[in-house]
Amino acid sequence: MSEQTWKTAITDIAGGQIRVRGYDIADLMEHLSFADVVYLILRGELPDNQQRRMMEAMLVSSIDHGPTPPSNLAARTIFSGGNSLNAAVAAGVMTIGDSHGGAIEKCAFILQEWTAKDGTPEELAKELVVEYKEKKKRMPGYGHRIHKRDPRTIKLLEIAERIGYKGRIIELAVAIQDELEKTSGRNLPLNVDGAIAAVISEMGFDWRLGKGFFIISRVPGLVAHVFEEWTREKPMRKMGPLPFEYDGPAPREIS
Ligand SMILES: CC(C)(COP(=O)(O)OP(=O)(O)OC[C@H]1O[C@@H](n2cnc3c(N)ncnc32)[C@H](O)[C@@H]1OP(=O)(O)O)[C@@H](O)C(=O)NCCC(=O)NCCS
């Protein structure tokens, strides 16, 4: 091997042949679902039946949440400005951050770190919520603008329990919700980001893949929104910024 080669363990290609993690692409196309192959490419091995079911449910859960999230607004706005579908979808993906979709990463990190400690989920949740409150930080994966209980979370946890995937990490995620709500007196449900964080952590995924799960799930939704913008709306339409009030400095001169 020359010194100039670099190594990858994902896909091997040669003339007329493509092997993903060692499996021929034609066999994957014949026998497996998209979710199966997403699991394979991220994890390196094929999923078992439980892993397959959880992957399917997670990838469906975040496919879309209507036109108002930052990602859809950004994608539609960029398209409306006269740009291409790929630029618009990329803009949507770029909005994914700590408050939108990206909370999976931080929440999974916390759940993985804290479940490694001694203590019951309830004890750990109490300690964690105190720590976050003292630091005046929001708990990633909790709270929702619209849902008092996130329907996607309810379903993901129900499937996890039904197929025997509920363990200490999911218990901690739920205990944090209960503790947050008890101590704040607010509705702070485990949202879909938090539920995905708990499930991928229970499945043994590295927390650094967190945002990747949201991106893989949401891109079809973004493509659909951009296509609708393209085929139903006129360019540079008024997409509705809320009325705004200026409260900066009064008009002034440069002295
Ligand atoms: C999703 C989110 C932006 C929705 O916020 P919202 O319902 O509009 O609530 P607000 O931003 O108006 O906050 C209301 C209060 O709840 C508190 N709060 C909201 N989410 C909180 C959280 N995750 N942890 C702790 N406190 C939280 C705020 O600090 C605020 O308290 P204050 O009035 O004492 O300052 C918010 O819950 C959040 O930032 N969550 C963490 C990020 C996350 O999980 N994002 C994924 C969303 S699917």
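Helix 11 runs over 23 residues and spans 33 Å from its first C-alpha to its last, close to the 33 Å expected at 1.5 Å a residue. That expected span is 1.5 Å times one less than the number of residues. Helices here are DSSP runs of H or I with at least four residues, strands are DSSP runs of E with at least two, and both are numbered from the N terminus. The model is a predicted one, in which local features need pLDDT of at least 70 and side-chain atom pairs count only at pLDDT 80 or more, while totals for chains, interfaces and linings use all residues. Residues are numbered from 1 along each chain as its sequence is written, and side-chain values use heavy atoms, with hydrogens and water left out.

Helix 11 has a kink of about 40° at arginine 218, shortly before proline 220. The bend at a residue is the angle between axes fitted to the seven residues ending there and the seven starting there. Arg218 is also one of the buried residues of helix 11, which include Phe213, Phe214, Ser217, Gly221, Leu222, His225 and Glu229. Buried means under 20% relative accessible area, exposed means over 50%, and partly exposed lies in between, with a 1.4 Å probe and protein chains only. An α-helix has 3.6 residues a turn, so residues three or four places apart point the same way.

Glutamate 229 lies in helix 11 and counts as buried because its relative accessibility is 2%. Leaving aside neighbours within four places in sequence, glutamate 229 is in contact with Arg76, Phe79, Ser80, Arg237 and Met239, where contact means heavy atoms within 4.5 Å. Alanine 224, also placed in helix 11, is partly exposed, with a relative accessible area of 45%. The C-alpha atoms of alanine 224 and lysine 126 are 98 residues apart along the chain and separated by 42 Å.

The next topic is the packing of nonpolar residues. A nonpolar core is a set of buried Ala, Val, Leu, Ile, Met, Phe, Trp, Tyr and Cys residues joined through side-chain atoms within 4.5 Å. The largest such core has 46 residues, and those with the most contacts inside it are Met55, Met58, Leu111, Met139, Ile176 and Met203. At least two residues of this core come from each of helix 2 (34–43), helix 3 (49–61), helix 6 (103–115), helix 7, helix 8, helix 9 (168–184), helix 10 (192–202) and helix 11. Domain 1 (11–47) and domain 2 (103–208) both contribute residues, so the core lies between them. The domain bounds come from an automatic or database domain assignment. The C-alpha centres of domain 1 and domain 2 are 32 Å apart.

Methionine 203 touches Tyr39, Arg43, Gln51, Met54, Met55, Met58 and Tyr165, not counting residues up to four places away in sequence.

Isoleucine 170 lies in helix 9, and at 2% relative accessibility it counts as buried. With residues up to four places away in sequence not counted, isoleucine 170 touches Leu157, Ala160, Tyr165, Ala198, Val199 and Glu202. The C-alpha atoms of isoleucine 170 and aspartate 193, 23 residues apart along the chain, are separated by 13 Å.

The chain also has an open sheet of 3 strands, in the order 1-2-3 and with antiparallel pairing. Two strands pair if DSSP finds at least two bridges between them. Strand 1 and strand 3 (23–24) stand at the edges with a single partner strand each, so one side of each has no neighbour in the sheet. Strand 1 (residues 11–14) pairs with strand 2 (residues 17–20) over 4 bridges, and isoleucine 13 has isoleucine 18 in strand 2 as its bridge partner. The hairpin of strand 1 and strand 2 has 2 residues between the strands, and in this hairpin glycine 16 takes a positive phi near 75°. Strand 2 and strand 3 pair over 2 bridges, and the partner of valine 20 in strand 3 is tyrosine 23.

Positive phi values also occur in residues other than glycine. Lysine 136 has a phi near 55° and sits in the loop between helix 7 (121–134) and helix 8 (151–162). Lysine 136 counts as exposed, at 76% relative accessibility. Methionine 236 has a positive phi of about 50° and is placed in the segment after helix 11 (210–232). Methionine 236 is exposed too, with a relative accessible area of 73%.
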